[in-house]
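This briefing walks through a single structure, topic by topic. Please keep the sequence and the 3D view open while reading.

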Amino acid sequence: MRPQIDLAQRAGLATDRGVLVNEYLETSAADVYAAGDVAQVRDPRTGGTWLETLWPTARMQGQVAGANMAGSRTVCTRGVLFNAVRIGGIVTATIGSLERSLDQDLLMVTANDVETWRQGPGIWMAEHADEVSRVRILVGERTIVGAVVMGDQSPARPLLQMVENGADVTSIRAGLQADPARGVELVAEFYLERYTG
Ligand SMILES: Cc1cc2nc3c(=O)[nH]c(=O)nc-3n(C[C@H](O)[C@H](O)[C@H](O)COP(=O)(O)OP(=O)(O)OC[C@H]3O[C@@H](n4cnc5c(N)ncnc54)[C@H](O)[C@@H]3O)c2cc1C
């Protein structure tokens, strides 16, 4: 996706790939803010910038920009990535970070179908059984850092919740390492125990 920045450029705002804004979503011009697909946001922690063309991000940035326009000083921080698309008829959700190269200690567990997810209350159930269902979970040193859910989307929200909360999965890490084939099942059991009581 390519942000439409021509109007901003013609108005003399600082741009790069998008409209450049600071962590308060202020552009280079006083009292002019940018949010959503068009905003390229400075990250004060890294000194770099980020541009994320996703709906939840646009919504969050709209709220931050609106609050700041109304006199607040709310910082815009990057949330956990979540995206769902239909590829070849199969819904595929990507959650969090899938960059294997970021951490040498990352552990990857995969499974085709895990019933356990569907036992929790309030879990987003798929309406139809999909021909292809696959879950891949990336586990860092202490937390789940990312996941891919293809087909049946029952695990998507639980996994998003655990990535967002930084759920400490140290207690099951040894089990995941010992038996990666049962890894997704272990994560599902962990979720049911910790999050649904
Ligand atoms: C095919 C497709 C699939 C997507 N799938 C997903 C998905 O699965 N998950 C997800 O999270 N996100 C998805 N997105 C991204 C998501 O749609 C965007 O991140 C989100 O809509 C951005 O909101 P926004 O308000 O920043 O921009 P937009 O929704 O693009 O709104 C900007 C508006 O400004 C108007 N505009 C532009 N220039 C001017 C001008 N000069 N004057 C007046 N009006 C102007 C435009 O017409 C538009 O209505 C998808 C996008 C596309 C295109």
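Which backbone oxygen lies 3.0 Å from a polar atom of the side chain of asparagine 68? It is the backbone oxygen of tyrosine 24, and the two atoms form a polar contact, defined as a pair of N or O atoms within 3.5 Å, where within protein one must be able to donate a hydrogen and the other to accept it, and residues adjacent in sequence count only if both atoms are side-chain atoms.

The model is predicted, with local features needing pLDDT of at least 70 and side-chain atom pairs counting only at pLDDT 80 or more, while totals for chains, interfaces and linings use all residues. Residues are numbered from 1 along each chain as its sequence is written, and side-chain values use heavy atoms, with hydrogens and water left out.

- Asparagine 68 lies in helix α2; helices (H or I, at least four residues) and strands (E, at least two) are DSSP runs, numbered from the N terminus.
- Asparagine 68 counts as buried because its relative accessibility is 5%, where buried means under 20% relative accessible area, exposed over 50% and partly exposed in between, with a 1.4 Å probe and protein chains only.
- Leaving aside neighbours within four places in sequence, asparagine 68 is in contact with Tyr24, Tyr33, Arg73 and Thr74, contact meaning heavy atoms within 4.5 Å.
- Glycine 12, in the loop between α1 (6–10) and β1, has a relative accessibility of 57% and therefore counts as exposed.
- Glycine 12 and serine 28 are 16 residues apart along the chain, and their C-alpha atoms are separated by 8.8 Å.

**The open sheet**

- An open sheet of mixed pairing is formed by 3 strands in the order β1-β2-β3, two strands being paired if DSSP finds at least two bridges between them.
- β1 (19–21) and β3 (49–50) stand at the edges of this sheet, and each has a single partner strand, so one side of each is left without a neighbour in the sheet.
- The pairing of β1 with β2 (residues 39–42) is parallel and runs over 3 bridges, and valine 21 has valine 41 in β2 as its bridge partner.

**The antiparallel strands**

- Strands β6 (residues 107–111) and β7 (residues 134–139) run antiparallel and are joined by 5 bridges, with leucine 107 standing opposite valine 139 in β7.
- β7 also pairs with β8 (residues 144–150), in the antiparallel sense and over 6 bridges, and here arginine 134 stands opposite methionine 150 in β8.

**The ligand shell**

- Residues surrounding the ligand include Met1, Gln4, Leu7, Asp37, Trp55 and Asn83, a residue being near a molecule if one of its heavy atoms lies within 4 Å of it.
- The shell residues divide into 7 nonpolar, 4 polar and 1 charged; Ala, Val, Leu, Ile, Met, Phe, Trp, Tyr, Cys and Pro count as nonpolar, Asp, Glu, Lys and Arg as charged, and the others, Gly among them, as polar.
- α2 (55–69) and β4 (82–87) each supply at least two residues of the shell, and α2 gives the most, with 3 residues.
- A polar side-chain atom of aspartate 37 lies 2.6 Å from an oxygen atom of the ligand, whereas alanine 84 places a polar backbone atom 2.7 Å from a ligand oxygen atom.
- Of the 1,000 Å² of accessible area that the ligand has on its own, the protein covers 37%, the areas coming from the Shrake-Rupley method with a 1.4 Å probe.
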